[in-house]
Amino acid sequence: MKKQILRKSKKNYIKSAFILGSTSLVAQSICIELAEKGCKKFHLLARNLELNHKLFLHLTNNYGADVIQEEFNLLSNSCILNSSLPKIKDFDLYLITAGSIGDDLSPKSKINDAHKITEINYSGILPWITAITSEERIAKEGRLWVFSSVAGDIGRPSNYHYGAAKSALSILCQGLLYRCNAKPFSIRLIKAGYLATPPTLKKASPLLCTKTSKVAKILLKNPNRRGIEYLPWWWSIIMTIIKFLPSIFISKL
């Protein structure tokens, strides 16, 4: 019985977390759920430090967590310009929720906005994922959870720049998943459907939107899971159906 208890506690052992995109509502929900389960060390990276500070205070004041916050803009391209990877310490969990759907119309006519969508959702994230998944790091236990989107599964006229960037992110993580298949380090690619956040609620039916707190609970229910995961699970059915729709219907999505 004692061995079973120890095995169970190890399964849920996430005592430190590195969060890229910590001002997103889903990142905040996951951080709070992690703190509820005993996580005591957080490194928060975000563009808006003022907004990030609210999460910092919540984690430190309510959970006594050791929290470092760092400002970083994915559009700065600093890693690419310096030809160097960011230096990242060891954490039990690396969570990447950074991204932006942007304006549906602007990238279709303005190349700068199209580049921004690509940088925020893929190329700006690439140096961080590369640094996290070094040969030295994946030889040890750890977890990388990356939030992509169901938008990357199929090209749609409403947001194909965003979908293309998320598709690239998904393919990258799928390759990493296979690379780490026999390693202690696990890759978890999360293809999220509509989340109940202000930008999404303006574009989608509330019936299709899932609360970020629910997403956090689903992820932390099985923290060692690896692989490709649709959240909620029924989005896998929706996307399978959409892929088989005639083009005339897809053109209206």
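First, a word on what we are looking at. This is a predicted model, in which local features need pLDDT of at least 70 and side-chain atom pairs count only at pLDDT 80 or more, while totals for chains, interfaces and linings use all residues. Residues are numbered from 1 along each chain as its sequence is written, and side-chain values use heavy atoms, with hydrogens and water left out.

Let me start with the strands. Helices (H or I, at least four residues) and strands (E, at least two) are DSSP runs, numbered from the N terminus, and two strands pair if DSSP finds at least two bridges between them. Strand S2, residues 41-46, pairs with strand S3, residues 66-71, in the parallel sense over 6 bridges, and within this pairing His 43 stands opposite Ile 68 in S3. Together with helix H3, residues 49-63, the strands S2 and S3 make a right-handed β-α-β unit. Right-handed here means that, with the strands pointing away from the viewer, the path from the first strand over the helix to the second runs clockwise.

Now please look at strand S4. Strand S1, residues 16-20, runs parallel to S4 and is joined to it by 4 bridges, with Ile 19 opposite Leu 95 in S4. S4 is also joined to S5 by 4 bridges, again in parallel, and here Tyr 94 stands opposite Leu 144 in S5. As for the side chains of S4, Leu 93 and Leu 95 point one way, Tyr 94 and Ile 96 point the other way, and all are buried. By buried I mean under 20% relative accessible area, by exposed over 50%, and by partly exposed anything in between, with a 1.4 Å probe and protein chains only.

Next come the salt bridges, each being a side-chain nitrogen of Lys or Arg within 4 Å of a carboxyl oxygen of Asp or Glu. How many of them does the structure hold? It holds 8 salt bridges, and one of them brings together the side chains of Asp 90 and Arg 137, at 3.5 Å from N to O. Asp 90 lies in the loop between helix H4 (78-81) and strand S4 (93-96), and Arg 137 lies in helix H8 (residues 135-138), so this pair ties together parts that are 47 residues apart in sequence.

Lys 140 is partly exposed, with a relative accessible area of 34%.

A further salt bridge joins the side chains of Glu 135 and Arg 179, at 2.9 Å from N to O. Glu 135 sits in helix H8 and Arg 179 in helix H9 (residues 160-179), 44 residues apart, and so distant parts of the chain are linked here as well. Through shared partners, salt bridges join Asp 90, Arg 137 and Lys 140 into one network.

Finally, back to where we began. A cis peptide bond, with omega about -15 degrees, joins Leu 231 and Pro 232, and Pro 232 lies in the loop between strand S7 (227-231) and H12. Ile 237 counts as partly exposed because its relative accessible area is 43%.
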